[in-house]
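Me: I have not looked at this one before. Can you walk me through it?

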Amino acid sequence: MTAVFPRNTPSPADIWQMDHDHVLHPWANFGPFEEKGALVIARGEGCHLWDAEGRRYFDAIGGMWCTNIGQGRKEMADAIAAQVERLAFSNTFVDTTNEPSAMLAAKLAELAPGDLNRVHFTTGGSTAVDTAYRMVQYCQHCMGRPEKTQIIARNMSYHGSTYISQSVGKRPGDRVEQFRYKLDGIHHISAPNPYRAPEGMDEAAFCDWLVAEFEAKIAEIGPDRVGGFFAEPIQASGGVIVPPEGYLRRMREVCDRHDILFVADEVVTAFGRIGHWFASESEFGIVPDIITCAKGLTSGYIPLGALIFSDRIWEAMAADGGRWFTSGFTYSGHPVACAAGLKNIEIMEREDILGNAARVGALFEARMKRLEALPMVGQVRGRKLMICVENVADKETRALLPEDLDVGTRIADAAEAMGLMVRPMGHLNVMSPPLTLTAGDVEFVGDTLERAIRQVADDLT
Ligand code: PLP
C-alpha cells in the first residue's frame, strides 16, 4: 500500500492523491493522466458544479448526457431517503416485486410510443443494450425464426461498455487491440453523417445510398438470418450525428419488410434531451420494437436502465406459457432507483421541463450554430440540447487538424479555465446541458465557448 487513508477530514489535495493512486478512469490516457490527475468535483446545484477548491463551472456536459433536471434537488434526496427507509431492496426475480418498480414501469408504458407497454429494468444503458441483443434473439426464436440471430448496427455508434454492447457499438477510438470484441453475428453499416457523406452526394441522395447499403447488407447476410437493427435516433457519442430526413422511417420500413426488430437506443435522446419523452416517434416518426433508456430516466441521481418493448414481443415470448427469460440483474427493478425515476418524471411533468428543453433548446441550437462563423468550426450540428461542434483545419475541404494537436481537449481546457465545461471527443466538442438552463445560460455558454475556440485557434497559428 502506498497511500495512507486519511484519519481526519481529507483536504482537496488528499482526495486528488487517493484518486490518482487508486482509481482507474475509463478512457483517460494513462500517460497524461499520471501527470495531470483528475479535477475533483465537490458539489452540484442546478446547472452548476463546484470543484474542491470552490471554483464554479457551468456544466454544459450535463454530467454525461444525464443530469436532465439539474443537480441538488432536495425533493429527489427526500424521495430516495424515504424509499431507503421503507424498503431499501427487494428483487424482481420470478414472483416478487415492489411498489416503485411496478409504478415506474406503468409510467414508462404511458409515456412510450405505440404498444411499447412492457418494461425490463437493468442497471444502466450498457446492460439495457446487452439485454436487448438477447431479447432480439429470444423473441425471434419464439416467433419461429431461430435462424435470425444476426444483428446490424452502425459505425460511429456507442451502445455501452459491456462485451456485447461495446461490440454492437463501433467508434474507432473505442476499439483497441488489447481487447477482443464479438465479431461473429454483429455487422456494421455506415454512420448516417451528412457532413461526411461521399463526395458530391446531397442529403437526399445520401439517404438513398444508406438505405441501399442496409438492404445490401441484409441480402449479403441473408434476410432469414438478420434478427435486429440497433440505432441511436441521433448518434450521441459518435459526434451527435443527426441522420438525413426520412432515414429512420425508411430503415424502419426495411426492417418491417424482413421481420427485423428495430431497437432504438434512446439512452441519450429520451427524457427530454431534444424536447420529447422519446425521440423515435416524436422527432422521427417511428415506433421501434424495443427502446433502451437510462441516464435521464433518473437524471443521474441513481443508476438505472430499462428496455421498453412491445406487447407483440411480450406475446411472442409468453405464447406457449412454458418459457422464462433468463436474463436479469440483482438490481433489476431496484426500489430506490425506481423511486428516483418516478420522482424525476414527476418533476419533469410538474415543471414542464420538456417544454423548457424545447424552447430554450431552440435558442441553444441557434446560438451554437453561430459558431460556424469561426474559421476553425466546420459544422455545428444537433438538435435542441444535444449539440456538437466539429473543429476542422479547412472549412472548404473539411480536412481535420492533426490528431496529436488534440484540439477538442485544448478547447475544453480553455473553456474550463473560463468556468465552462464542454466535453472533448477527439476533434469535437460536445454539449448536453441540464434541461433547466435559461436563455441567459445559453448566452454564457455561447460566448464562453466562442472565446475558448478563438483562443485555441490563436494559439495554433
Ligand atoms: N447507449 C448510448 C446511446 C449511450 O450514449 C451510452 C452511454 O453513454 C450507453 C448506451 C451506455 O450507458 P451506460 O454508460 O449507462 O451503461
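**Overall fold, core and ligand shell**

Reply: This is a predicted model. The protein chain holds 15 helices and 15 strands.

Me: How far does the C-alpha trace span along its principal axes?

Reply: About 65 × 60 × 50 Å.

Me: How much of the chain is buried?

Reply: Buried residues are 45% of the 461. As for contacts with a separation of 6 or more, 72% come from residues 24 or more positions apart.

Me: What about the largest nonpolar core, how many residues has it got?

Reply: It has 118 residues, and Ile-308 and Val-422 have the most contacts inside it. Helix α12, residues 335–350, gives the most to this core, with eight residues.

Me: Which residues does Val-422 touch, leaving out those up to four places away in sequence?

Reply: Ala-60, Ile-61, Ala-412, Ala-415, Asn-429, Val-430, Met-431 and Leu-449.

Me: Switching to the ligand. Which residues come nearest?

Reply: Of the 15 residues around the ligand, Gly-124, Gly-125, Ser-126, Gly-160 and Val-267 come nearest.

Me: Which helix gives the most to that shell?

Reply: Helix α6, residues 125–142, which supplies three residues.

Me: How do the shell residues divide into nonpolar, polar and charged?

Reply: Six are nonpolar, seven are polar and two are charged.

Definitions and conventions. Residues are numbered from 1 along each chain as its sequence is written. This is a predicted model: local features need pLDDT of at least 70, side-chain atom pairs count only at pLDDT 80 or more; totals for chains, interfaces and linings use all residues. A residue is near a molecule or strand if its C-beta atom, placed from the backbone, lies within 6 Å of it. Helices (H or I, at least four residues) and strands (E, at least two) are DSSP runs, numbered from the N terminus. Ala, Val, Leu, Ile, Met, Phe, Trp, Tyr, Cys and Pro count as nonpolar, Asp, Glu, Lys and Arg as charged, and the others, Gly among them, as polar. A nonpolar core is a set of buried Ala, Val, Leu, Ile, Met, Phe, Trp, Tyr and Cys residues joined through C-beta atoms within 7 Å. A residue is buried if 20 or more other C-beta atoms lie within 10 Å of its own, exposed if 12 or fewer, and partly exposed in between; C-beta atoms are placed from the backbone. Two residues are in contact if their C-beta atoms, placed from the backbone, lie within 7 Å.
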